[in-house]
Amino acid sequence: MTTIASDHEHVTAHCRICGYEGACDTYVIPEMMFGTREEFGYYLCPDCGCLQILDIPADMSPFYPQNYYSLEAFHVEYSSNFIQNILVSRRCKSALFGKHKWLNRLLRHFVAFPPELYEFGPLLKQCDLHDFYEPILDVGCGAQPFRLAAFKKLGFKSLLGIDPFIREDTIFRGVHVLKRDLSEMAGRFSLVMFHHSLEHISRQRETLEFAWDLLEKGGVCLVRIPLVSSALWEKYGVNWAELDAPRHLYLHSEESIRRLGEMVGFRLTSVIYDTEAWELIASEQYVNGISMRAENSYFVNPDVSMFSGAQVKALEQEATRLNTEKRAGRAAFYFQKR
Ligand SMILES: [Zn+2]
């Protein structure tokens, strides 16, 4: 296993998050999703702990080819039964907002909770939403916003996605997605979400300020990001799959993301750790020189990958343990507008 102590040097740098200026450890990180192995320099701020790219490429578009999102699809199956959909939505309403519990108890004899409730219910319950009409914005969701589509299936009525990298404005399963930067947005939202998109954006503080401006008072900004202050960075170093150079411009520590939110005025209300096994699987592959999209990658051809079923099971258990111990490689930060 590579350790981070063996492959870094120093540089004098300016932290784009906390403003620290001085000596920083540097790391050389190869592109490993597509396996070009082009190398990018990163430095670690000794003050706030944020790992960030030395030079932001002037044109990021070559690093986002059209097949960039193709491994991320979460399939939402819709029932064509109108009545059944209404009953499911009523049950979800009760589960998410704690309303009409008697109705939920009655309806459970007729319809089951959809899988989307188990997938996203815990996340949504932390967002201080009160009904299905509260407007939700997903920033950087791609052209197929599967999370918003899942929210729509649960019953949410006012959903919008934006992504400056998609080809054109589009509609995905009834959800509108605009080819637009956050800075160009207007409107009022109860929830603004960054699901692993903030680390791709160069202007971190400005971005959270735009989110602040779009939120209602009491609204929540949900930021899901990789965490460099984790057991996975300690274990895998430059082979940690979440680095995703050069697309991830920032790998925050818990300290740096909390400080960034507070600079904007947010109050951090909750942190949920949500590492999954894929992160460990991919990191093990990178240690062995196997890129995410290689022919023998677990994510392309699991049968010819380096992992047995038992090994995958063990990595799933390790991911769960890291979440419990709050040492996971990714987490969800809930910032509330006071
Ligand atoms: Zn810093």
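Reader: Before we start, what are the ground rules here?
Author: The model is predicted, so local features need pLDDT of at least 70 and side-chain atom pairs pLDDT 80 or more, while totals for chains, interfaces and linings use all residues. Residues are numbered from 1 along each chain as its sequence is written, and side-chain values use heavy atoms, without hydrogens and water.

Reader: OK, how many aromatic pairs are there?
Author: The count comes to 14, where rings of Phe, Tyr and Trp (its six-membered ring) pair if their centres lie within 6.5 Å; planes under 30 degrees apart are stacked, over 60 edge-to-face and the rest tilted. One of them is F40 with F63, edge-to-face at 5.7 Å centre to centre and 85 degrees between the planes.

Reader: Where do F40 and F63 lie?
Author: F40 is in strand 3 (residues 39–44) and F63 in the loop between strand 4 (51–53) and helix 1, so the pair ties together parts 23 residues apart in sequence. Helices (H or I, at least four residues) and strands (E, at least two) are DSSP runs, numbered from the N terminus.

Reader: Is F40 buried or exposed?
Author: Buried, with a relative accessible area of 9%; F63 is buried too, at 13%. Buried means under 20%, exposed over 50%, partly exposed in between (1.4 Å probe, protein chains only).

Reader: Which residues make up the ring cluster?
Author: Ring pairs link F97, F120, F132, F151 and F156.

Reader: Switching topic, what about I83?
Author: I83 is exposed, with a relative accessible area of 55%, and sits in helix 1 (residues 82–97).
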